[in-house]
Amino acid sequence: MQTRCLLMSGERIRSGHQRRVLNWLMDGGGTVSEIAESLQLRMPHASLALRQLRERGEVSREEQGSIRGAIHRLNDIGRRRLASDAVARIRTFVNDIPSQAEAIVLGQDGPHLLLGYVKPPRSRLLPLPNQGISDEKKTAPFSNGSKGGRWAVQRDENIRWYTLSKLEPSDAPAPQNLRGTLGEWTEEVDRIGIVHATLLDSSHEWPLSPGTWYIETENHSPLPNTLVQGENILGTVTGTGISLSPKLGVHAHLTLSVNRVMALNALRKNAFVFEEQPQQQTSRFLPHEALHPWLRNRHPRLSAEKLLQKYEELRVELLTPEGGAPPIALQRQLLADFGVVEWKSRDIITTINFSGVSNAGALALLEWFLHNSTQECVVEWPYPIEENRRMLERILSSGRCRILITSNGNYRTLESATSVLQTRKTLMKAAIIISRDKSLPISLLQSNPVFSQQNSHEEVPLNASELLEAWGNSDELRRDIFTGIETNTVEQKAMWYALSNYPEGDEKWANLNESKHPLAAWIATPNQHRTSRWIRLRAILPQGWADLLPIELCETATLISAMPKGSEQWSKEALEKTRQRFTKNIESILKYEYFFQDDVLGPWMATAVLLSTEQLPEEFHQLLEQACTLWVDAPHQPERVLESLFPLGNPLSTHVEECLIKCKAAAKIHPKGSVLYLWGSLLENMESNEPISPEFLRQIMSKLPSTWWRTWAGDWLQVQLSSTSGRRWLAKTPFPWPALLTRPAGERGGLPAWPIPYPSGRVGLDDVLHILLIEENEGKSALLDVYDMLATYERQEPVHYGRTHPLVGWLARSVESWPHMGLDVLRQGNPEIGALLYARYFASKLE
């Protein structure tokens, strides 16, 4: 043990808010709101801390623009105050130094650490233990006693070394060839280095408190997923043997040509390559399919048909001897944008050299790739960033770009990048930027992909509904929910890897396994990438898996294409979202009219159009009739569509009358238990005034919405009460009969296309005496409430306390006699009865 007398004093920063703000500003400037958000401070506290720091001269504010948006920066005085605080902490904590110690914890503010190293750290990536030396009561001499740990990364601040005798600035100690040996432990420790670091994973606190000495652990914990989820190794953390394989979407801005080549080569295996290399061959090949987007960019006003015709003409001219040569002007344009090149089929091309290609030509080539290939790619982009930002963002967000390498001008942030690689102006060296305060030095190299392993089980979800139910509101996956069985062990592993990563997902893994394990890849896809993967997998995914698509994030075309593969509830919600978009922008319907030509998707598109009937102007009437023709062949959501087409109380226009004829004709040939058939049959009975059999009435009441037939509920109830079979059916079929029988007289009711007002005095006590003969079952309680409310009314007895709703008896009385009924009636008993009570009471208070 060694005792050091610390002579030089320092001043601690007493204000926690000021210290955290100064610490945050070490990594660059920021506005008040950015500082408050990052440090999770209230705006007044952040603003006060900055004002106090400005008054002390430790923070400078840029005066351009508004004060609210002004950038604050740490100045030299502020840096000296942080250094003084570090020295004060050394003075407080560094007294007895254990002979094995490598470093001490001087402070921790959230993810930011202040560490003191008495031996230079091995690299900027710091393997921190979860247990300090002072906690190791039974550790053998010269053993590091490691028991797992955490990763931290040194921030851009250089290590400042101080003498332990006087705490004066000093040079770094001489590097040691040995580390962790008995010889090294006995070396004289005469200085300490201040290291500002950031935890890579700040989701839970590092357990070592200030004043704890430790030894860097050898038991490395996993690095963050963004650094290791990739299948190809980009390089190693400088100073360590730890490999880095970042996930898809890396943006590398590398100004050194050698570094660009190294990064490209590291990730190019089995990828489609876009590169810029000096021309080595006499011939260059480009895919002729790229001419289509090139022509579209040059002629943006051409219709799709004319554009395709122009492309076909050019393709024939370039690829076939009999096609002749393109016009001279067009040849010059091709030469300017693509150079001297031979045009070939895309199937034989795996690499595209941008040498000799203009910016416009390169954009067309990337556009072609995005629309015609599912392969992963690596892209070296020698053109400006800002002018091409839209395309570069698309490439990075496509889920297929391993790395985008730029070099033109200064680095520019691309929002879609999963991580950023920047040059260090040293051969084969760069830094991977994880966040504002986290960067790792990386040595570039080439390597092979590595795959992950997971436990697997036979039980798998049969559809998305089971998966969503298995997650529920808990943090654990309930395997007992799954009813599917997978016996293939390879498929089991793929499925359970995907399930273990749900709902966050693993986009890199999903991309690699999309062709071999499409369902597992679909489950493993993060929400933000589901739309693009759906476009590729929709034809092969099993029924019931569209429910994983986030409806709000999906384009309308995606929603329509997914409706056949979704559950009934999901498809209903997707239709409602499509209807909302159509009614908000009627003209947008024309954009998706092409779906009418698809045998499967046409009826779904037709359903969405028919649900928008009331908002469609006259010029859409022909389209409406076309939609109706498609819909009757496959009537999705028939209740909603019929109500939308034939709303109660509105006279039917000529074009809707045409739809009614189509629906009535189609109803006759549909299955006898279907909604469309039952609606058509009932409508025909009403029009002909023919009697309806009790059996058919039961079928109507069981299958059709009660809102369609409750106008006749009193008569139909009496029909069923008059027979044993009817009473048996009433006993086992629950309906809110009190609400069905007591709608206010004159209210609009009836069947779609057959409106009729509710009659008054529809049923009396004598009409329902046979209710008392009904056997006990779930349907009897509502019928007994009907009997009791009519009996107490006719006998002038007090209102009975209801079974289906406490206040149900009042429905048989004049609303003028009702007590006050507030919103609380909606929270009691049967919701339909509660809603009628509240609605009738509310209406009675209106003038």
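## E514 and R533

E514 is buried, at a relative accessible area of 11%, where buried means under 20%, exposed over 50% and partly exposed in between (1.4 Å probe, protein chains only). The side chains of E514 and R533 meet in a salt bridge of 2.5 Å, N to O; the term stands for a side-chain nitrogen of Lys or Arg within 4 Å of a carboxyl oxygen of Asp or Glu. E514 sits in the loop between α15 (507-513) and α16 (518-523) and R533 in helix α17 (residues 530-537), so the pair ties together parts that are 19 residues apart in sequence. Helices here are DSSP runs of H or I with at least four residues, strands are runs of E with at least two, and both are numbered from the N terminus.

A quick word on the model. It is a predicted one, where local features need pLDDT of at least 70 and side-chain atom pairs count only at pLDDT 80 or more, while totals for chains, interfaces and linings use all residues. Residues are numbered from 1 along each chain as its sequence is written, and side-chain values use heavy atoms, with hydrogens and water left out.

The structure holds 37 salt bridges. In general, side chains of opposite charge can pair when their charged atoms come close. Take D85 and R89, whose side chains meet at 2.8 Å, N to O, in a salt bridge. Both lie in helix α4 (residues 76-93), 4 residues apart, about one turn of the helix. An α-helix has 3.6 residues a turn, so residues three or four places apart point the same way. D85 counts as buried at 3% relative accessibility, and R89 is buried at 7%.

E832 and R710 form another salt bridge, with the closest N and O atoms 3.6 Å apart. Since E832 is in helix α32 (residues 831-844) and R710 in the loop between α27 (706-709) and α28 (713-721), the pair ties together parts that are 122 residues apart in sequence. E832 is partly exposed at 26%, whereas R710 is buried at 10%.

## A network and a neighbour

E386, R389, E393 and R412 are linked in a network of salt bridges. E415 is 22 residues from E393 in sequence, and 7.0 Å from E393 in space, C-alpha to C-alpha. You'll find E415 in the loop between β21 (401-406) and β22 (419-426), and at 66% relative accessibility E415 counts as exposed.

## A buried glutamate and a covered helix

E289 is in the loop between β17 (285-287) and α8 (291-298) and counts as buried at 16% relative accessibility. Leaving aside residues up to four places away in sequence, E289 touches Y311, K344, S345, R346 and W368; contact means heavy atoms within 4.5 Å.

Over in helix α26 (residues 694-703), the buried residues include F696, L697, R698, I700 and M701. Their cover includes α25 (675-688), α27, α28, α29 (724-732) and α30 (737-741).

## A negative patch

D715, D766, D767 and E794 form a negative surface patch. For charges, a patch takes residues with over 30% relative accessible area and no salt bridge, and joins like charges within 9 Å. D766 has its place in the loop between β28 (754-757) and α31 (780-794), and is exposed at 65%.

Key. Patches are made of residues with over 30% relative accessible area and no salt bridge: like charges are joined within 9 Å, nonpolar side chains (Val, Leu, Ile, Met, Phe, Trp, Tyr) within 5 Å. Accessible areas come from the Shrake-Rupley method with a 1.4 Å probe; for residues, only the protein chains shown count as cover. Lys and Arg count as positive and Asp and Glu as negative; His and the chain ends are not counted. The place of a charge is taken as NZ of Lys, CZ of Arg, CG of Asp or CD of Glu.
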